[in-house]
Amino acid sequence: MITYNADGVKMPSIKKRETTAWIKAVAGLYGRRVGEIGYMFVGDEKMLEVNREYLGHDYYTDIITFDYDEGDRINGDIVISLDTVRSNAELFGKEYSDELHRVIIHGILHLCGINDKGPGEREQMEDAENQALAMLK
């Protein structure tokens, strides 16, 4: 089950049923099934609070993914800062909804085992994001 909630911000206008089906299809590409996924949409200040409390990081970010995977079933909590998503969309000249979907699937790709911190991993993540976004169109 995938849940979508907002804390301190207006819930983004995403088509939940369509987004859920898309997430399940993307997970399936990696041989994974969707278990319990909880999305929480927040503002920058809440994201900074989460980043400090749980990761010991003192900076803003667009997404934090908490991984509770069990075997081939992905489970996790995904916290997304809508403020940073909006800033990044403007910075990169993207539509807000496209950037939001990129971040939504970015968390799922992390749960599927794709990383983006090591050498060459950022490119792999971007390729996976682009493949997933093409499935949504």
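How many residues has helix 2, and what does it reach from its first C-alpha to its last? In this predicted model, helix 2 (residues 44-55) has 12 residues and reaches 15 Å, close to the 16 Å expected at 1.5 Å a residue.

Asp44, Met47, Leu48, Val50 and Asn51 are buried, that is, under 20% relative accessible area. Seen down the axis of helix 2, the buried residues fall within an arc of 160°, so they line one face of the helix. Just after helix 2 comes Gly56, with a positive phi of about 70°.

Four strands form an open sheet with mixed pairing, in the order 1-2-4-3. Strand 1 (2-6) and strand 3 (63-67) are the edge strands, each pairing on one side only. On average, neighbouring strands of this sheet are turned by 15° against each other, direction ignored. Strand 3 pairs with strand 4 (residues 73-81) in the antiparallel sense, over five bridges. Opposite Phe66 stands Asp77 in strand 4.

Two helices pack on this sheet. Helix 1 (residues 16-29) touches strand 1, strand 2 (33-42) and strand 4, and its direction makes about 130° with that of strand 1. Helix 4 (residues 96-111) touches strand 2, strand 3 and strand 4, and its direction makes about 145° with that of strand 4.

Notes
Residues numbered from 1 in each chain as written. Predicted model: local features only at pLDDT ≥ 70, side-chain atom pairs only at ≥ 80, totals over all residues. Heavy atoms only, no water. Pairing = 2+ DSSP bridges. Axes fitted to C-alpha atoms, helices over the stretch in contact; angles between N-to-C directions. Contact = heavy atoms within 4.5 Å. Expected span 1.5 Å × (residues − 1). Buried < 20%, exposed > 50% of the residue type's maximum accessible area, 1.4 Å probe, protein only. Arc of directions from axis to C-beta.
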